[in-house]
Amino acid sequence: MQPEPHPDMDSIDATIRRGPPNRRVIDIQLKATASPVHKKDGLHFRLKQKNYNDLVGSRSVPLLLVVLELPANEAEWLECTLERLIIRKCGWWHSLAGQESIEAGSRTIVIPYSQRISGSGLAPLFAQVE
């Protein structure tokens, strides 16, 4: 018998580490959408109260939101071979540190277009927290 899944306790889906000389650590809350809302000011993404409040809280290790924008057709999301793993479309990152928590419901956040994960990889995420 499979154990019951546990609810997401702290909104951390992954931890990434940067090697020497700085040895920085970032925690990641990962979300995905196949129906992105793009407006003039950026990608609009709705977060539930629990995840929003976890992301705005004060922490010793920075917690960033990463949103994967995926194709509408689920069959196109991933390509996995022995040589490569390809995730189609793009990813966005955002820090909500220092924002006010919310009492109920959800909140739409705006991720500026400048915060797209690009060919420079994760370096901009570490630059944000340094």
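A: Start with a term: a polar contact is a pair of N or O atoms within 3.5 Å; within protein, one atom must be able to donate a hydrogen and the other to accept it, and residues adjacent in sequence count only if both atoms are side-chain atoms. This is a predicted model, so local features need pLDDT of at least 70 and side-chain atom pairs count only at pLDDT 80 or more, while totals for chains, interfaces and linings use all residues. Residues are numbered from 1 along each chain as its sequence is written, and side-chain values use heavy atoms, with hydrogens and water left out.

Helices (H or I, at least four residues) and strands (E, at least two) are DSSP runs, numbered from the N terminus. Q29 counts as buried because its relative accessibility is 0%. Buried means under 20% relative accessible area, exposed over 50%, and partly exposed in between, with a 1.4 Å probe and protein chains only. The side chain of Q29 makes a polar contact of 2.6 Å with the side chain of D13.

Next, the strand itself. β2 covers residues 25-33 and pairs with β1, residues 14-17, in the antiparallel sense over 4 bridges. Two strands pair if DSSP finds at least two bridges between them. T15 has D27 in β2 as its bridge partner. A14 stands opposite I28 in β2. β2 also pairs with β5, residues 63-69, this time in the parallel sense over 7 bridges. Here D27 has L63 in β5 as its bridge partner.

Step back to the sheet. It is open, has 5 strands in the order β1-β2-β5-β8-β10, and its pairing is mixed. β1 and β10 (116-117) stand at the edges with a single partner strand each, so one side of each has no neighbour in the sheet. Helix α1, residues 49-56, lies across β2 and β5 and runs at about 135° to β5. Axes are lines fitted to C-alpha atoms, for helices over the stretch in contact, and angles run from 0 to 180 degrees between N-to-C directions. Contact means heavy atoms within 4.5 Å.

Follow the chain past β5. L70 lies in the loop between β5 and β6 (78-80). L70 counts as buried because its relative accessibility is 9%. L70 and T33 are 37 residues apart in sequence, yet 5.9 Å apart in space, C-alpha to C-alpha. Leaving out residues up to four places away in sequence, L70 touches A32, T33, A34, W77, I87, R88 and K89.

K89 itself deserves a stop. It is in the loop between β7 (85-87) and β8. K89 counts as exposed because its relative accessible area is 53%. Its phi is near 85°, a positive value in a residue other than glycine. Most residues other than glycine have a negative phi.

β3 and β4 are joined by 3 bridges.

The largest has 15 residues, and L47, Y52, L65, L96, I109 and I111 touch the most other members. β4 (42-48), α1, β5, β8 (90-95) and β9 (106-111) each give two or more residues to this core. A second, separate core of 7 residues includes I16, I26, L64 and V66.

Finally, the whole chain. It has 2 helices and 10 strands. From the N terminus on, they run β-β-β-β-α-β-β-β-β-β-β-α. Of its 130 residues, 28% are buried. Among contacts between residues at least 6 apart in sequence, 65% join residues at least 24 apart.

Terms used: A nonpolar core is a set of buried Ala, Val, Leu, Ile, Met, Phe, Trp, Tyr and Cys residues joined through side-chain atoms within 4.5 Å.
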